[in-house]
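User: I am new to this structure and would like to learn how to read its pockets, cavities and ligand surroundings. Please start with the pocket.

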Amino acid sequence: MSHNNSYILGIESSCDDTGAAVIANGRVLSNVVATQEIHREYGGVVPELASRAHQQNIVPVVHQALRRANIDKNQLSAIAFTRGPGLMGSLLVGTSFAKSLAMGLNIPLIEVNHMQAHILAHFIKAEEQTTPRFPFLAMTISGGHTQIVKVTGYFDMEVIGETLDDAVGEAFDKSAKILGLPYPGGPLLDKYAQQGDPKRFVFPKPKVSPLDFSFSGLKTAVLYFIEKETRKDPDFVQKNLHDICASIQFTIVDYLMDKLKNAVAETGITEVAIGGGVSANSGVRNALKAAEADYGWTTHIPKFEYCTDNAGMIAMVGQLKFENKDFTTSDIVAKARMKF
Ligand code: KG4
Ligand code: ZN
């Protein structure tokens with residue numbers, strides 16, 4: 001029996017999901033996420049509640065990750081954790097836990113940038129996903145992020161475009177909220193959009209520099225449009241829900257694709273990957289797949305559990321850094337804002 005396996009534990013606590021995962025040889029053996037339902041009642045993430053929930057969840061989540069991977073904590077080779085970016089109170093929980101566990105086990109500690117991890121999630125070995133080749137473009141789209149990154153190597157990344165205000169997931173969620181859908185409304189808006197006419201209503205696409213994004217104007221446009229129509233017909237939203245959702249989704253997806261096309265034109269790179277929770281959107285997936293035939297791109301969409309916030313991607317980065325012996329010292333501190 002081989003004993004050469006390096007088991008790396010990954011810990012994620014940047015926002016409202018507490019995650020722990022074990023990876024060995026690029027394969028994720030366990031990927032546990034405790035999603036905090038408490039925020040639903042408030043229609044958004046409440047930082048103080050998130051921090052408290054992480055404190056309650058972290059020990060059971062880590063135990064479960066070890067149990068599902070069928071290993072003992074003494075078999076771990078290193079601990080990787082999300083240092084940032086994210087909510088400070090949330091990051092502190094994962095950071096302190098990772099530090100004390102690494103110290104207790106006397107094994108290396110590895111810091112991970114959450115945004116790099118979303119991109120490197122593509123390198124997890126899983127049947128359901130394909131691995132991009134360098135150089136590639138990665139568009140990270142979620143409730144917290146909207147970026148286009150030029151990826152030249154595992155740790156050679158350059159942000160070439162990003163949102164100037166809201167993240168794209170917020171644009172989905174805030175539009176859904178205006179329509180009276182429960183938080184987070186993105187997935188529901190997507191569901192209704194699939195039964196509607198995307199060309200029925202037209203919303204403006206904000207004009208900013210070619211690779212950057214802006215979503216705050218869209219939310220305002222949706223709000224004014226709904227207010228205006230509701231004054232004429234109080235049942236406007238109920239009567240036209242599918243078409244409204246389809247039209248909003250069409251506008252957002254078209255905007256994302258415009259930006260990707262600009263990035264491809266600017267860099268000459270046609271290998272394109274996406275990540276983040278909004279990668280689950282049916283419109284985004286269809287548009288990206290269509291670009292393979294339409295423009296000759298090679299596209300990559302991770303398995304859904306590696307799109308949303310998860311510790312599998314943190315463990316993946318942990319493994320890459322472990323191979324490079326890129327360890328950190330135990331005086332490391334969490335960082336809410338963090339560049340690559
Ligand atoms: O990556 P994620 O789980 O958490 C972070 O924000 O980091 O992404 C969650 C976001 C939410 O805004 C949610 O509404 C959006 O992803 N989302 C979707 C869909 N599924 C999740 N938005 C549109 N269509 C979907 N199918
Ligand atoms: Zn994220």
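**Reading the spaces**

Analyst: The lining of the second largest pocket divides by class into 10 nonpolar, 6 polar and 3 charged residues. Ala, Val, Leu, Ile, Met, Phe, Trp, Tyr, Cys and Pro count as nonpolar, Asp, Glu, Lys and Arg as charged, and the others, Gly among them, as polar. This is a predicted model, where local features need pLDDT of at least 70, side-chain atom pairs count only at pLDDT 80 or more, and totals for chains, interfaces and linings use all residues. Residues are numbered from 1 along each chain as written, chains are lettered from A and ligands numbered from 1 in the order written, and side-chain values use heavy atoms, without hydrogens and water.

User: How is a pocket found, and which residues lie nearest the centre of the second largest pocket?

Analyst: Rolling a probe the size of a water molecule over the atoms shows where empty space is left. On a 1 Å grid over the protein atoms alone, a pocket is an open set of points with protein on both sides within 12 Å along at least five of seven lines, a cavity is a set where a 1.4 Å probe fits but cannot get out, and lining residues have an atom within 4 Å of a point. Points are joined across faces, edges and corners, and the volume is the space filled by probe spheres set on them. Here the second largest pocket holds about 350 Å³. Nearest its centre, among 19 lining residues, are Phe250, Val253, Gly283, Asn286 and Ala287.

User: Which helix supplies the largest share of that lining?

Analyst: Helices (H or I, at least four residues) and strands (E, at least two) are DSSP runs, numbered from the N terminus. The largest share, 8 residues, comes from α8. Both α7 (236-267) and α8 (282-295) supply at least two residues each.

User: What lines the largest cavity?

Analyst: Its lining consists of Pro204, Pro206, Ser214, Phe215, Leu218, Thr251, Ile252 and Tyr255. The volume is about 30 Å³, and α7 gives the most to the lining, with 3 residues. By class there are 6 nonpolar, 2 polar and no charged residues.

User: Which residues come nearest to ligand 1?

Analyst: A residue is near a molecule if one of its heavy atoms lies within 4 Å of it. Of the 18 residues around ligand 1, the nearest are Gly143, Asp173, Asp190, Gly277 and Asn281. The shell has 5 nonpolar, 10 polar and 3 charged residues, and α4 (168-178) and α5 (186-193) each supply at least two of its residues.
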